[in-house]
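Morning, everyone. Let me put the model on the screen, and then we'll go through its aromatic contacts and its ligand site.

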Amino acid sequence: MCDTQSGEMDGSACAAALLRWYDRNARVLPWRIGPAERAAGIKPDPYAVWLSEVMLQQTTVAAVRGYFHRFMERWPDVHALAGAPDAAVMAEWAGLGYYARARNLIACARAVSARGGEFPRDRASLQALPGIGAYTSAAIAAIAFDAPETVVDGNVERVVARLFAERTPLPKAKPYLAQLAARLTPRHRPGDFAQAMMDLGATLCTPRKPACADCPVRGFCRAQALGMAAELPARAPKAAKPQRQGIAYIALRADGALLLETRPPKGLLGGMTGWPCTHWADAPEPAPPVVADWRILPGTVRHTFTHFHLSLRVAVAHVGSRAAPDRGSFRTDFDPNALPTLMRKCWDHAHAAIGDIGAPSPLR
Ligand code: SF4
(Lines give C-alpha, C1' and ligand atoms only; values in the text may rest on other atoms or scores of the structure.)
Protein backbone atom coordinates (compact mmCIF):
# COMPACT_ATOMS: atom_id res chain seq x y z
CA MET A 1 0.00 0.00 0.00
CA CYS A 2 2.16 2.85 1.21
CA ASP A 3 4.85 3.63 3.67
CA THR A 4 3.98 6.85 5.41
CA GLN A 5 7.17 6.65 7.51
CA SER A 6 9.66 6.65 4.66
CA GLY A 7 7.62 9.13 2.64
CA GLU A 8 7.17 6.88 -0.38
CA MET A 9 3.69 6.65 -1.77
CA ASP A 10 2.29 4.19 -4.27
CA GLY A 11 0.42 6.76 -6.35
CA SER A 12 -1.31 4.28 -8.62
CA ALA A 13 -2.63 2.25 -5.67
CA CYS A 14 -3.86 5.48 -4.08
CA ALA A 15 -5.61 6.49 -7.31
CA ALA A 16 -7.17 3.04 -7.66
CA ALA A 17 -8.54 3.16 -4.09
CA LEU A 18 -9.99 6.60 -4.75
CA LEU A 19 -11.63 5.47 -8.00
CA ARG A 20 -13.20 2.45 -6.27
CA TRP A 21 -14.69 4.81 -3.68
CA TYR A 22 -15.87 7.19 -6.41
CA ASP A 23 -17.64 4.37 -8.24
CA ARG A 24 -19.84 3.89 -5.18
CA ASN A 25 -20.03 7.42 -3.80
CA ALA A 26 -19.83 9.93 -6.65
CA ARG A 27 -21.95 13.00 -5.99
CA VAL A 28 -24.92 13.29 -8.31
CA LEU A 29 -24.48 16.64 -10.10
CA PRO A 30 -26.69 17.90 -12.90
CA TRP A 31 -23.75 18.43 -15.28
CA ARG A 32 -22.02 15.17 -14.43
CA ILE A 33 -22.00 11.79 -16.16
CA GLY A 34 -21.62 9.45 -13.19
CA PRO A 35 -19.32 6.42 -13.19
CA ALA A 36 -22.14 3.96 -14.02
CA GLU A 37 -23.32 6.05 -16.98
CA ARG A 38 -19.76 6.48 -18.20
CA ALA A 39 -19.20 2.72 -17.93
CA ALA A 40 -22.36 2.26 -20.02
CA GLY A 41 -20.78 4.36 -22.76
CA ILE A 42 -22.59 7.66 -22.10
CA LYS A 43 -20.32 10.60 -22.83
CA PRO A 44 -20.42 13.95 -21.04
CA ASP A 45 -21.82 16.93 -22.95
CA PRO A 46 -18.81 19.28 -23.36
CA TYR A 47 -21.17 22.28 -23.41
CA ALA A 48 -22.62 21.30 -20.01
CA VAL A 49 -19.14 20.62 -18.61
CA TRP A 50 -17.84 23.97 -19.84
CA LEU A 51 -20.89 25.88 -18.56
CA SER A 52 -20.67 24.27 -15.13
CA GLU A 53 -16.93 24.84 -14.84
CA VAL A 54 -17.24 28.54 -15.70
CA MET A 55 -20.09 28.91 -13.21
CA LEU A 56 -18.16 27.05 -10.51
CA GLN A 57 -15.17 29.41 -10.70
CA GLN A 58 -15.20 31.16 -7.30
CA THR A 59 -18.68 29.78 -6.52
CA THR A 60 -20.09 26.76 -4.68
CA VAL A 61 -21.95 23.78 -6.16
CA ALA A 62 -25.03 24.74 -4.10
CA ALA A 63 -25.05 28.26 -5.56
CA VAL A 64 -24.56 27.04 -9.13
CA ARG A 65 -27.24 24.31 -9.40
CA GLY A 66 -30.20 26.63 -10.02
CA TYR A 67 -28.28 28.81 -12.47
CA PHE A 68 -27.08 25.76 -14.39
CA HIS A 69 -30.63 24.39 -14.73
CA ARG A 70 -31.99 27.74 -15.89
CA PHE A 71 -29.22 28.23 -18.46
CA MET A 72 -29.60 24.70 -19.84
CA GLU A 73 -33.35 25.09 -20.07
CA ARG A 74 -33.14 28.44 -21.83
CA TRP A 75 -30.03 27.80 -23.95
CA PRO A 76 -29.63 24.01 -24.28
CA ASP A 77 -26.60 24.11 -26.58
CA VAL A 78 -23.73 26.38 -27.48
CA HIS A 79 -25.43 27.74 -30.62
CA ALA A 80 -28.47 28.80 -28.59
CA LEU A 81 -26.28 30.60 -26.05
CA ALA A 82 -24.21 32.21 -28.81
CA GLY A 83 -27.38 33.63 -30.33
CA ALA A 84 -28.74 35.05 -27.07
CA PRO A 85 -28.75 38.83 -26.52
CA ASP A 86 -25.98 39.93 -24.13
CA ALA A 87 -28.50 41.59 -21.82
CA ALA A 88 -30.53 38.37 -21.45
CA VAL A 89 -27.44 36.35 -20.49
CA MET A 90 -26.21 39.01 -18.08
CA ALA A 91 -29.65 39.20 -16.45
CA GLU A 92 -29.79 35.40 -16.07
CA TRP A 93 -26.32 35.47 -14.53
CA ALA A 94 -27.30 38.18 -12.03
CA GLY A 95 -26.48 37.18 -8.46
CA LEU A 96 -23.77 34.69 -9.40
CA GLY A 97 -21.06 37.35 -9.14
CA TYR A 98 -17.73 37.84 -10.91
CA TYR A 99 -19.49 39.25 -13.93
CA ALA A 100 -16.46 39.16 -16.19
CA ARG A 101 -17.19 35.42 -16.32
CA ALA A 102 -20.59 36.07 -17.90
CA ARG A 103 -19.11 38.38 -20.53
CA ASN A 104 -16.47 35.77 -21.34
CA LEU A 105 -19.14 33.07 -21.39
CA ILE A 106 -20.95 34.89 -24.18
CA ALA A 107 -17.73 35.51 -26.11
CA CYS A 108 -16.65 31.88 -25.73
CA ALA A 109 -20.05 30.52 -26.82
CA ARG A 110 -19.84 32.67 -29.97
CA ALA A 111 -16.29 31.52 -30.71
CA VAL A 112 -17.23 27.85 -30.33
CA SER A 113 -20.44 28.29 -32.30
CA ALA A 114 -18.43 29.95 -35.10
CA ARG A 115 -16.23 26.86 -35.31
CA GLY A 116 -19.26 24.60 -35.78
CA GLY A 117 -20.19 24.10 -32.14
CA GLU A 118 -17.41 21.67 -31.24
CA PHE A 119 -15.29 22.45 -28.19
CA PRO A 120 -11.59 21.73 -28.74
CA ARG A 121 -10.38 18.65 -26.89
CA ASP A 122 -6.89 19.71 -25.87
CA ARG A 123 -5.87 22.13 -23.18
CA ALA A 124 -3.90 24.56 -25.32
CA SER A 125 -6.77 25.08 -27.78
CA LEU A 126 -9.27 25.37 -24.92
CA GLN A 127 -7.12 28.03 -23.28
CA ALA A 128 -7.19 30.08 -26.45
CA LEU A 129 -10.94 30.60 -25.90
CA PRO A 130 -12.27 33.55 -23.86
CA GLY A 131 -12.56 32.97 -20.11
CA ILE A 132 -10.85 29.58 -20.09
CA GLY A 133 -7.67 29.60 -18.02
CA ALA A 134 -5.29 26.93 -16.81
CA TYR A 135 -7.69 25.35 -14.34
CA THR A 136 -10.81 25.37 -16.50
CA SER A 137 -9.01 24.03 -19.57
CA ALA A 138 -7.67 21.10 -17.54
CA ALA A 139 -11.11 20.44 -16.05
CA ILE A 140 -12.88 20.47 -19.43
CA ALA A 141 -10.20 18.33 -21.12
CA ALA A 142 -10.26 15.76 -18.30
CA ILE A 143 -13.99 15.67 -17.50
CA ALA A 144 -15.48 16.12 -20.97
CA PHE A 145 -12.84 14.24 -23.00
CA ASP A 146 -11.10 12.03 -20.42
CA ALA A 147 -7.75 13.60 -21.35
CA PRO A 148 -4.89 12.80 -18.94
CA GLU A 149 -4.84 16.26 -17.36
CA THR A 150 -4.43 17.09 -13.69
CA VAL A 151 -7.15 19.34 -12.31
CA VAL A 152 -6.12 21.33 -9.25
CA ASP A 153 -8.65 23.48 -7.43
CA GLY A 154 -8.75 24.44 -3.75
CA ASN A 155 -10.24 21.09 -2.77
CA VAL A 156 -7.53 19.16 -4.56
CA GLU A 157 -4.77 21.34 -3.08
CA ARG A 158 -6.08 20.55 0.38
CA VAL A 159 -6.27 16.79 -0.25
CA VAL A 160 -2.79 16.67 -1.79
CA ALA A 161 -1.21 18.81 0.95
CA ARG A 162 -2.59 16.34 3.47
CA LEU A 163 -1.74 13.17 1.57
CA PHE A 164 1.90 14.29 1.37
CA ALA A 165 1.92 16.28 4.65
CA GLU A 166 3.26 19.26 2.71
CA ARG A 167 3.78 22.09 5.19
CA THR A 168 4.78 24.92 2.83
CA PRO A 169 2.05 27.54 3.13
CA LEU A 170 -0.30 28.47 0.31
CA PRO A 171 -0.09 30.23 -2.07
CA LYS A 172 3.67 29.51 -2.29
CA ALA A 173 3.01 25.75 -2.26
CA LYS A 174 0.69 25.84 -5.29
CA PRO A 175 3.16 24.77 -8.01
CA TYR A 176 4.55 21.95 -5.88
CA LEU A 177 1.08 20.71 -4.91
CA ALA A 178 0.18 20.67 -8.62
CA GLN A 179 3.25 18.52 -9.29
CA LEU A 180 2.25 16.12 -6.52
CA ALA A 181 -1.31 15.94 -7.88
CA ALA A 182 0.08 15.18 -11.35
CA ARG A 183 2.07 12.35 -9.84
CA LEU A 184 -1.14 10.78 -8.58
CA THR A 185 -3.19 11.25 -11.78
CA PRO A 186 -3.67 7.89 -13.53
CA ARG A 187 -3.63 7.46 -17.31
CA HIS A 188 -6.75 5.31 -17.00
CA ARG A 189 -9.93 7.31 -16.16
CA PRO A 190 -8.22 10.68 -15.53
CA GLY A 191 -11.59 12.44 -15.82
CA ASP A 192 -13.18 10.33 -13.11
CA PHE A 193 -10.04 10.68 -10.99
CA ALA A 194 -10.27 14.48 -11.21
CA GLN A 195 -13.90 14.36 -10.12
CA ALA A 196 -13.12 11.84 -7.39
CA MET A 197 -10.49 14.18 -5.92
CA MET A 198 -12.98 17.04 -5.98
CA ASP A 199 -15.63 14.87 -4.31
CA LEU A 200 -13.21 13.69 -1.65
CA GLY A 201 -12.27 17.28 -0.84
CA ALA A 202 -15.90 18.38 -0.79
CA THR A 203 -17.34 15.53 1.29
CA LEU A 204 -14.69 13.88 3.51
CA CYS A 205 -11.41 15.78 3.36
CA THR A 206 -13.13 19.02 4.33
CA PRO A 207 -11.27 22.10 5.58
CA ARG A 208 -11.96 21.94 9.32
CA LYS A 209 -12.91 18.40 10.27
CA PRO A 210 -11.64 15.82 7.81
CA ALA A 211 -13.51 12.52 8.21
CA CYS A 212 -10.36 10.41 8.08
CA ALA A 213 -12.06 7.34 9.56
CA ASP A 214 -14.25 7.05 6.43
CA CYS A 215 -11.59 8.05 3.92
CA PRO A 216 -10.76 5.64 1.10
CA VAL A 217 -7.13 6.83 0.93
CA ARG A 218 -6.52 6.91 4.67
CA GLY A 219 -3.78 4.32 4.40
CA PHE A 220 -1.88 6.55 1.97
CA CYS A 221 -2.23 9.77 3.94
CA ARG A 222 0.81 11.07 5.73
CA ALA A 223 -0.97 13.97 7.49
CA GLN A 224 -3.48 11.53 8.97
CA ALA A 225 -0.65 9.28 10.17
CA LEU A 226 1.06 12.28 11.75
CA GLY A 227 -2.17 13.52 13.35
CA MET A 228 -1.96 16.88 11.61
CA ALA A 229 -4.66 16.60 8.92
CA ALA A 230 -6.79 19.50 10.19
CA GLU A 231 -3.75 21.81 10.27
CA LEU A 232 -3.08 21.47 6.55
CA PRO A 233 -2.84 23.12 4.15
CA ALA A 234 -0.87 25.87 5.86
CA ARG A 235 -1.70 29.36 4.66
CA ALA A 236 0.28 32.59 4.65
CA PRO A 237 -1.57 35.30 6.62
CA LYS A 238 -3.85 37.34 4.37
CA ALA A 239 -3.43 41.09 4.05
CA ALA A 240 -6.42 42.97 5.43
CA LYS A 241 -8.79 44.19 2.69
CA PRO A 242 -9.19 47.96 2.42
CA GLN A 243 -12.58 49.53 3.12
CA ARG A 244 -14.19 51.74 0.45
CA GLN A 245 -17.27 53.94 0.61
CA GLY A 246 -19.88 55.15 -1.85
CA ILE A 247 -23.47 56.20 -2.46
CA ALA A 248 -26.02 54.43 -4.68
CA TYR A 249 -28.78 56.65 -6.09
CA ILE A 250 -32.31 55.31 -6.59
CA ALA A 251 -34.52 57.77 -8.48
CA LEU A 252 -38.22 57.05 -9.02
CA ARG A 253 -40.12 59.00 -11.67
CA ALA A 254 -43.80 59.87 -11.24
CA ASP A 255 -44.84 57.23 -13.81
CA GLY A 256 -43.06 54.50 -11.82
CA ALA A 257 -39.93 54.35 -14.01
CA LEU A 258 -36.62 53.89 -12.19
CA LEU A 259 -33.27 55.38 -13.14
CA LEU A 260 -30.91 52.53 -14.06
CA GLU A 261 -27.47 52.49 -15.57
CA THR A 262 -25.58 49.82 -17.49
CA ARG A 263 -22.07 49.77 -16.12
CA PRO A 264 -19.09 49.95 -18.48
CA PRO A 265 -18.13 46.53 -19.92
CA LYS A 266 -14.77 46.44 -18.11
CA GLY A 267 -14.36 46.73 -14.38
CA LEU A 268 -16.40 45.72 -11.36
CA LEU A 269 -19.93 44.53 -12.21
CA GLY A 270 -18.98 45.29 -15.82
CA GLY A 271 -21.91 45.18 -18.25
CA MET A 272 -24.43 44.75 -15.44
CA THR A 273 -27.42 46.98 -14.82
CA GLY A 274 -27.63 48.82 -11.52
CA TRP A 275 -28.13 52.11 -9.72
CA PRO A 276 -25.91 55.03 -10.60
CA CYS A 277 -23.23 55.37 -7.92
CA THR A 278 -20.42 57.60 -6.81
CA HIS A 279 -16.92 56.25 -7.24
CA TRP A 280 -16.11 53.57 -4.71
CA ALA A 281 -13.19 55.09 -2.84
CA ASP A 282 -11.92 56.22 0.59
CA ALA A 283 -14.03 59.37 0.67
CA PRO A 284 -15.88 59.81 -2.64
CA GLU A 285 -17.59 63.06 -3.61
CA PRO A 286 -21.39 62.85 -3.91
CA ALA A 287 -22.37 62.40 -7.59
CA PRO A 288 -26.17 62.42 -7.94
CA PRO A 289 -27.16 61.43 -11.49
CA VAL A 290 -30.09 63.86 -11.67
CA VAL A 291 -31.07 67.08 -9.93
CA ALA A 292 -33.52 66.15 -7.18
CA ASP A 293 -34.22 66.40 -3.51
CA TRP A 294 -32.13 63.39 -2.50
CA ARG A 295 -32.60 61.77 0.85
CA ILE A 296 -29.89 59.55 2.30
CA LEU A 297 -31.44 56.57 4.05
CA PRO A 298 -30.24 55.47 7.47
CA GLY A 299 -27.89 52.46 7.56
CA THR A 300 -25.50 51.09 4.98
CA VAL A 301 -25.25 48.25 2.50
CA ARG A 302 -22.15 46.14 2.90
CA HIS A 303 -20.55 44.00 0.24
CA THR A 304 -17.16 42.36 -0.19
CA PHE A 305 -15.31 42.18 -3.47
CA THR A 306 -12.13 40.18 -4.01
CA HIS A 307 -9.85 43.09 -3.11
CA PHE A 308 -11.89 45.37 -0.84
CA HIS A 309 -14.91 45.76 1.41
CA LEU A 310 -17.52 48.24 0.25
CA SER A 311 -19.92 50.20 2.40
CA LEU A 312 -22.64 51.96 0.39
CA ARG A 313 -25.20 54.46 1.59
CA VAL A 314 -28.41 54.57 -0.40
CA ALA A 315 -29.98 57.86 -1.53
CA VAL A 316 -33.54 57.98 -2.87
CA ALA A 317 -35.54 60.68 -4.62
CA HIS A 318 -38.83 61.09 -6.42
CA VAL A 319 -38.47 63.13 -9.60
CA GLY A 320 -40.81 64.72 -12.08
CA SER A 321 -41.54 63.59 -15.62
CA ARG A 322 -39.06 66.12 -17.06
CA ALA A 323 -36.11 64.96 -15.00
CA ALA A 324 -33.01 64.78 -17.22
CA PRO A 325 -30.35 62.46 -15.80
CA ASP A 326 -26.72 62.99 -16.77
CA ARG A 327 -26.20 59.22 -16.87
CA GLY A 328 -28.38 56.12 -17.05
CA SER A 329 -31.97 56.11 -18.26
CA PHE A 330 -35.43 55.77 -16.77
CA ARG A 331 -36.87 52.32 -17.33
CA THR A 332 -40.26 50.83 -16.66
CA ASP A 333 -39.14 47.21 -17.21
CA PHE A 334 -37.33 47.00 -13.89
CA ASP A 335 -36.81 43.46 -12.58
CA PRO A 336 -35.07 43.22 -9.18
CA ASN A 337 -34.01 39.66 -10.01
CA ALA A 338 -31.87 40.91 -12.90
CA LEU A 339 -29.73 43.04 -10.56
CA PRO A 340 -26.29 41.90 -9.43
CA THR A 341 -26.19 41.09 -5.72
CA LEU A 342 -24.82 44.45 -4.55
CA MET A 343 -27.47 46.42 -6.46
CA ARG A 344 -30.17 44.06 -5.20
CA LYS A 345 -28.99 44.69 -1.65
CA CYS A 346 -29.38 48.44 -2.26
CA TRP A 347 -32.92 47.92 -3.54
CA ASP A 348 -33.83 45.72 -0.57
CA HIS A 349 -32.26 48.28 1.78
CA ALA A 350 -34.41 51.04 0.29
CA HIS A 351 -37.50 48.90 0.73
CA ALA A 352 -36.62 48.04 4.31
CA ALA A 353 -36.05 51.71 5.11
CA ILE A 354 -39.04 53.33 3.45
CA GLY A 355 -41.49 50.58 2.49
CA ASP A 356 -42.68 50.14 -1.07
CA ILE A 357 -40.63 52.67 -3.02
CA GLY A 358 -43.02 52.41 -5.93
CA ALA A 359 -46.08 53.40 -3.92
CA PRO A 360 -46.89 56.80 -2.43
CA SER A 361 -44.40 57.13 0.40
CA PRO A 362 -43.03 59.64 2.88
CA LEU A 363 -40.64 60.73 0.12
CA ARG A 364 -43.35 62.45 -1.86
FE1 SF4 B 1 -8.04 13.84 4.01
FE2 SF4 B 1 -8.09 12.37 6.24
FE3 SF4 B 1 -8.38 11.22 3.86
FE4 SF4 B 1 -6.02 12.20 4.59
S5 SF4 B 1 -7.14 10.51 5.55
S6 SF4 B 1 -6.99 12.46 2.59
S7 SF4 B 1 -6.66 14.02 5.75
S8 SF4 B 1 -9.80 12.69 4.83
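Start with two tryptophans: Trp-275 and Trp-347 are both buried, meaning under 20% relative accessible area with a 1.4 Å probe and protein chains only. A word on the source. This is a predicted model, where local features need pLDDT of at least 70, side-chain atom pairs count only at pLDDT 80 or more, and totals for chains, interfaces and linings use all residues. Residues are numbered from 1 along each chain as its sequence is written, and side-chain values use heavy atoms, with hydrogens and water left out.

Now the rings. The structure has eleven aromatic pairs; Phe, Tyr and Trp rings (six-membered ring for Trp) pair if their centres lie within 6.5 Å, with planes under 30 degrees apart stacked, over 60 edge-to-face and the rest tilted. Trp-275 and Phe-334 have ring centres 5.4 Å apart and planes at 50 degrees, so this pair is tilted. Phe-334 is buried too, like Trp-275. Trp-275 also pairs with Trp-347, and that pair is stacked, at 5.6 Å between centres and 25 degrees between planes. Elsewhere, Tyr-47, Trp-50 and Phe-119 make up one aromatic cluster.

Next, charge over a ring: NZ of Lys or CZ of Arg within 6 Å of the ring centre and within 35 degrees of the ring normal. Arg-244 has its charged end over the ring of Phe-308, 4.0 Å from the centre. Arg-70 lies over the face of Tyr-67, at 4.8 Å from the ring centre.

Last, the ligand. Which residues are around the ligand? They are Arg-162, Cys-205, Cys-212, Cys-215, Val-217, Arg-218, Cys-221, Gln-224 and Ala-229, each with a heavy atom within 4 Å of the ligand.

Definitions and conventions. Buried means under 20% relative accessible area, exposed over 50%, partly exposed in between (1.4 Å probe, protein chains only).
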